[in-house]
Amino acid sequence: MSFAALESDFYGYADLLTDRERDALADLRAWLEADVKPIIGGYWERAEFPMQVVRPLADLGVLSFAWEETRPFENSSVFRGFVALELARVDASVGTFVGVQNGLATGSLAVAGSREQRDEWIPKLASGEVVGAFGLTEPLSGSDSARGLRTTARREGDEWVLNGEKRWIGNATFSDITIIWAKDEADGQVKGFIVPTSTPGYAATKIEGKISLRPVQNADIVLTDVRVPESLRLQHADSFRATAEVLRATRAEVAWAAVGTAVGAYEAAVAYAKDRVQFGRPIASHQLIQDHLVNALGNITASLGMVVRASQLQDAGTLRDEHSALAKAFATARMRETVGWAREVCGGNGIVLDHHVARFFADSEALYSYEGTREMNTLIVGRAITGQAAFV
Ligand code: FAD
């Protein structure tokens, strides 16, 4: 299947991709349009995750791209960014599932796992045989997780005993393993543990009543004397630096997903504006409607330029925390503006699921806050440009 650059990729950033990468994106887009777009509104309304997407995502290679050893072919960070964009352009919840499975769970193993741990778990995550989750946030510690974690890890012989609570953990109602980040009681450092969810003392409860990313199954987790062997401690995670390294890459991918969400809303709004007739003419012919659409395209194009460059820096090994923080803060803020204009263009139909815009509008709120709020990412950039940490 041949790959057509999106009309919303106004400056043709997809030209940076190789033919093999374009083919993979074309296959992904065709599957998303045929098998996800028609059903996702119902799952969103019922707040259920469409589990049937896991196998096709694995077959399309989407769960394997994160780690060089499971990648079906050589690919760039720009390509992986376009994968995140294509997913979110159809549905940000499916995109979030992939972000957690691939970026956060597999990413933790890739960054901080030993050779044996990677070999054991990453192929299973890539094939979808094992579903992963990433447990960092806690009820009392969100933005300050670098210093504020209360979940504890205590070493007893060859075992670790974990106690504490986690909140908001995506995929965690059905994950087979959850990466739990906890403070070592002995040295006060944050360490990571691969926790099989069948371990006694581990309990996950779905968070109900969300108005954003409803299909994503977020959970509150309680850990009561959960015992895991030393072999399940991430062997190269000796401090929060390892966690931050995982988040640096995934934050840039959330920025790509924000562009995808904006693109999905914008494209739905353009189609609606061409079709909807008021005052005897398609609303697309009204200047004020064109103003919204052009502003939306400007936001998308500016954000795309930023995320493409961030991905190039990632491949060059020079992506810094402040680079991905600026991309995440900027792209999600522009997304939030864009989905608002798209919703406005669709009038009343902008708030019903049938026209898709309502889903993008609501889902943008979660993307805006997770993986570091706009304020936190702003403070990371602020510290980099002034030399002054202004977090407290
Ligand atoms: P808080 O930290 O309580 O912040 C509340 C407000 O105060 C925000 O606006 C924040 O920016 C602001 N604020 C806080 N401190 C400062 C300051 N110093 N200066 C200025 N403003 C400040 N976490 C995981 O570990 N794993 C997951 O899979 C996961 N998935 C998620 C999925 C969804 C849908 C959501 C909503 C969240 C998810 N999270 C996950 C958690 C997410 O990363 C946190 O919600 C986020 O980091 C913000 O933390 P908080 O919600 O506790 O807000």
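Predicted model: local features only at pLDDT ≥ 70, side-chain atom pairs only at ≥ 80, totals over all residues.
Residues are numbered from 1 along each chain as its sequence is written, and side-chain values use heavy atoms, with hydrogens and water left out.

**Around the ligand**

- At G170, a polar backbone atom is 3.0 Å from an oxygen atom of the ligand.

**Helices α1 and α3**

- Helices are DSSP runs (H or I, at least four residues), numbered from the N terminus.
- Helix α1 (residues 19–46) packs against α3 at an angle of about 15°, with the axes 10 Å apart; axes are lines fitted to C-alpha atoms over the stretch in contact, and angles run from 0 to 180 degrees between N-to-C directions.
- The two helices α1 and α3 are therefore roughly parallel, a label for angles under 35 degrees, while over 145 is roughly antiparallel, 65 to 115 roughly perpendicular and the rest oblique.
- Contact means heavy atoms within 4.5 Å, and among the residues making it are L25, L28 and L32 of α1 and F79, F82 and V83 of α3.
- By class, this contact has 10 nonpolar, no polar and six charged residues; Ala, Val, Leu, Ile, Met, Phe, Trp, Tyr, Cys and Pro count as nonpolar, Asp, Glu, Lys and Arg as charged, and the others, Gly among them, as polar.

**Helices α3 and α8**

- Helix α3 (residues 77–90) meets helix α8 (residues 287–316) at an angle of about 140°, their axes being 8 Å apart.
- That makes α3 oblique to α8.
- S77, V78, R80 and L85 of α3 make the contact with α8 residues including L304 and V308.
- Sorted by class, the contact of α3 with α8 has four nonpolar, four polar and two charged residues.

**Helices α8 and α9**

- The axes of α8 and helix α9 (residues 321–345) come within 9 Å and cross at roughly 160°.
- That makes α8 roughly antiparallel to α9.
- Among the contact residues are I289, L293 and M306 of α8 and L326, F330 and W341 of α9.
- The contact of α8 with α9 has 14 nonpolar, six polar and three charged residues.

Terms used:
Polar contact = N/O pair within 3.5 Å; in protein donor to acceptor, adjacent residues only side chain to side chain.
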